[in-house]
Amino acid sequence: MMIDLVRIELYKIFRKWRTYIGFATIAVIVCIIEIAMLIEGESYLKFLTQNLQNIFVFEGNFLNGYLMSFIVLGALAIHIPFLITLVSGDLLAGEATSGTYRMLITRPITRNQLLTAKLIAATIYTNLMVLFLGVMSLGLGVILFGTGELIVIKDILIIFAKDDILWRFVFAYGIASLSMMVVTSMAFFFSSMVENAIGPIVSTMAVLIVFYILANINIDLLQSLRPYMFTTYMQSWNIIFTTPVEMDELYQAIGVLMFHIILFIGLTYYYFNKKDITS
């Protein structure tokens, strides 16, 4: 029965035009970034390494598909949450808007089964979005620029060998997907509380914006709370591109993200089972 419920929920998601806004937006932005880099990429690479060119001689294809994927992931990972909320914020609120709640729960399924089916469908959609970003950015980047070593400049300059990169992207996109699931679960929770999809979308983005602002205010109290804010770890996929990988930092990021996912999902189940559905 659960498989049929999930299939129905996926059908509901992918029959709506708003579902494809995220995929189309990602495709357009990735194409623009990579075509722009195809034209101006050498200038960008020189700017990136300008302080090092008097010390080192760079030989090899550093302007490659791996660098493109790294740039795109950094540019879009912070903007994808808005695209995700367009769908996840409508999963429950949309039923209230259309007046189909009562019809759904009078079928031989429990409220928990309904929630679980919608949550699985939302998880599939979220992961498809991140997978599409990875395939689009890395695939188009390799086609246009080929492969080579990956140059990453943080506090230090790191050059990853060609055979030491792909596994890092697999894990990086996995962490990015986990961070997006926090947004999905939060929008899902807000969606259970209201009867209009605009509310969950606005509320989710408002929480994200407020957390980002608070984390960047240089006040001791707020800075002490920063390690517990999930927004602190939205870009934690960057940890994978260190050598050696800071495992303690990575485990902390995964732990905080998982905690918030479980928290929002738990609140959704609790609230929805207590909810008085009148329409």
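This is a predicted model: local features need pLDDT of at least 70, side-chain atom pairs count only at pLDDT 80 or more; totals for chains, interfaces and linings use all residues.
Residues are numbered from 1 along each chain as its sequence is written, and side-chain values use heavy atoms, with hydrogens and water left out.

Leu133 belongs to the largest nonpolar core, which has 77 residues; Leu133, Leu150 and Phe241 touch the most other members. Helix α8 (residues 166–193) gives this core its largest share, 14 residues. Such a core is a set of buried Ala, Val, Leu, Ile, Met, Phe, Trp, Tyr and Cys residues joined through side-chain atoms within 4.5 Å. Buried means under 20% relative accessible area, exposed over 50%, and partly exposed in between (1.4 Å probe, protein chains only). Helices here are DSSP runs (H or I, at least four residues), numbered from the N terminus.

Now go to helix α4 (residues 80–88), where eight of the nine residues are buried. Among them are Ile80, Pro81 and Leu83.

Ile78 sits in the loop between α3 (65–76) and α4, and is partly exposed, at 37% relative accessible area. Not counting residues up to four places away in sequence, Ile78 touches Tyr212 and Gln235.

How confident is the predictor? On pLDDT, its per-residue confidence from 0 to 100, the chain averages 84, and 86% of its residues reach 70 or more.

Notes. Helices (H or I, at least four residues) and strands (E, at least two) are DSSP runs, numbered from the N terminus. Contact means heavy atoms within 4.5 Å. pLDDT is the predictor's confidence in each residue, from 0 to 100.
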